[in-house]
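Dear colleague,

Please find below the structure that I am handing over to you. My findings follow it.

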Amino acid sequence: MDHATVDSETAAPPVAARKPSSVTHHGITVTDDYAWLRDPGYPDVKDKEVLEHLAAENAWFAAQMAVQQGRIDALFKEMRARIKEADKSVPQKDGDYLYWIEFEEGAEYKKWWRRPVAGGTDQLILDEVALAEGKDYFRLGAISVSSDGKKLAYSIDDNGSERFTARIKDLATGKLLADEIPGTLSSLVWVAGDKGLVYSLANEQWRTDNARLHWLGQPLSDDVELYHEDDDGFRVGAGLSANEKWLIISTSDHETSEVRLVPASDPLAEPILVKARQKGVEYEVDERSGVLYVLANDTHENFRLATAPLDRPGDWTTLIEGSDAFYLTGFDLFRDFYVVEGREGGLDTIAVRYYDDPGRVEPIAFPEASYSAGLGDNPEWAMDRLRVGYQSMVSPSTVYDYHVAERRLEVLKVQEIPSGYDAELYATERLEIPARDGTPIPVSIVYRKDRASPGPLHLYGYGAYGIAIPPGFSTTRFSLVDRGFAYAIAHIRGGDDLGRAWYKGGKLEQRTNTFTDFVDVAKGLVERGYTEAGRISISGGSAGGELMGAVVNSDPELWGAVVAHVPFVDVLNTMLDASLPLTPGEWPEWGNPIEDRAAFELIASYSPYENVRAQAYPPIMVTAGLNDPRVTYWEPAKWVARLRELKTDENLLIFKTNMGAGHGGKSGRFESLHETAEEFAFILWQLGVEG
């Protein structure tokens, strides 16, 4: 067969052509019959055979899901009814204005508003609805009001490629300035009395290796490169210190960082290097009254907070010691106090501390045993109350003001669910299930109190990059929970839910712990009577999609339905290709199989694509984005092709490529619900759950 087709008479799934190719590293040859699915002209995908194959898979997906259209529509309607359509955020003061965002009835996108603190009319400063009109995809990247409140810088992506075009708006006239900066992938930072804007361009490999200064009104050719990073694995970013006196230019990979400070008033001044990079040492910096505050993992993997004089920026003195029990995740400086955030026992903590009294620590108390909490938007230097966000698996998102002097939380807004929600109907637990090596794995779970056990259960996992999955609130989740599902989050190694050791326990040579933890959690939930083997649906995206690919290879009989979103399943081939956007920066996470034979052999042993074999697989739904620069479309396309070739079952395997979007799928608050409705319809269908 020259290319993939859908046989309309037999309704057979697409069959991709096999075109043997191979690569050899360390004397080991890896064959790949589906390498041709990578368009050689990527990121421009124009190859006729590739596009025909993706179109055939999309047609097969649509044909199979057509019988579920009624359920998809019902789920979408149900999910949408839980969203307050006409909604607005709690206004927050920043300088002379109060700022907030609003969604209008039926709108996919938001509008950004402000009002003078002294009184006056509301002003629409950015209209995403208008900007998105007529576009299949729209995403706002950065948004930043100048310090004098007169100008607005923002950037947009209208195809999912994550290359943003920056524009500047005069807020008095509402008109755009002539300045236009295409190809950005960064924040937009006002400097030099609002005469300059600092940004980063994405290079051809989608890497931000620079920090650049644009003078308003000047041609882009006059822009100045303030910093250039020569290491392909590092990414550059810029921001302002809390007191807005310093431009902070940071460069880092997944395990090492380096920071430079430049006066925000004089961005062309000689940068101050805080401390030269040292492999494995991550740090971030802020400044107050000539003293640097440094969050660093140089003495403890769970980080310490240190101080240093500005004239000796690398001379760090410990302020808060690193601790096995407390994982210090961040800090924020304010004029009269500072705030430390972290996790203890996997639960978020926020505490106010004082510059003049190091022993005075005032933690903010929260009411539930399992929850997610963090500082919200607190833009001003002199704050006497802090905006705080809170939620749990049964408590809708809540916005508080924390009155610092009174140590009192004031409720400003609780997420409203128009179709109704009664928290008393639900229970949530935090379990510990032992992994096969004896390590207790935390599991957050929510279910209806009237649920019959054992019943169907959905298990979600990610487990990479030190990204924790908090036990937060989700309105869509109740479309499964109200149909008898328990919904569980496995806080597996590879995330940093329990600290940096937890992260390290699921990366590099410890990577397979992530997969076995997930399987062991599933088996533990079966043993505890929550569910049964074969009645578990699972989902994950990106690196969580790699998790899906690994566990369907290792334990296919456990799963009743699998959803893999933009799955990173072709790990070996991607890590062998240094020309791909993310690869050099990913070697500290996965290992470098080009230079390291042991890394090559380990990745080859678990990479989902390489390990598909002739066995029965559960029903699987796979998604991709044609413009995705993070997980390129051919990874899931190749994986599905190999699954179709080798799997021995008749279970459904469907694959959809979003031809106008990237890593995050469709844009818009309701459009994205269609994809969730499809996913849940597939799960309910395959598990035989009515309703």
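At roughly what angle do the axes of helix H1 and helix H12 cross? In this predicted model, the axes of H1 (residues 48-65) and H12 (residues 671-687) cross at roughly 60° and come within 12 Å. The two helices are therefore oblique to each other, and their crossing is left-handed. On the H1 side, the contact is made by Phe 61, Gln 64 and Met 65, while H12 contributes Glu 678, Ala 681, Phe 682 and Trp 685. Of the residues in this contact, five are nonpolar, one is polar and one is charged.

I also examined a sheet. Four strands, in the order E16-E17-E18-E19, form an open sheet with antiparallel pairing. Its edge strands are E16 (235-240) and E19 (272-273), each of which pairs on one side only. Strand E18 (residues 257-263) is joined to E19 in the antiparallel sense over two bridges; Arg 260 has Leu 273 in E19 as its bridge partner.

Finally, I turn to the aromatic residues. The whole structure contains 25 aromatic pairs. One of these is formed by Tyr 42 and Tyr 633, whose rings are tilted, with 6.3 Å from centre to centre and 45° between the planes. This pair links distant parts of the chain, as the two residues are 591 residues apart. Tyr 42 lies in the loop between strand E2 (28-31) and H1, whereas Tyr 633 is in the loop between strand E38 (620-625) and helix H11 (634-646).

With kind regards

Technical notes: Residues numbered from 1 in each chain as written. Predicted model: local features only at pLDDT ≥ 70, side-chain atom pairs only at ≥ 80, totals over all residues. Heavy atoms only, no water. Axes fitted to C-alpha atoms, helices over the stretch in contact; angles between N-to-C directions. Parallel < 35°, antiparallel > 145°, perpendicular 65-115°, else oblique. Left-handed = near helix turned anticlockwise from the far one by under 90°. Contact = heavy atoms within 4.5 Å. Nonpolar A, V, L, I, M, F, W, Y, C, P; charged D, E, K, R; others polar. Pairing = 2+ DSSP bridges. Phe/Tyr/Trp six-rings, centres within 6.5 Å; stacked < 30°, edge-to-face > 60°.
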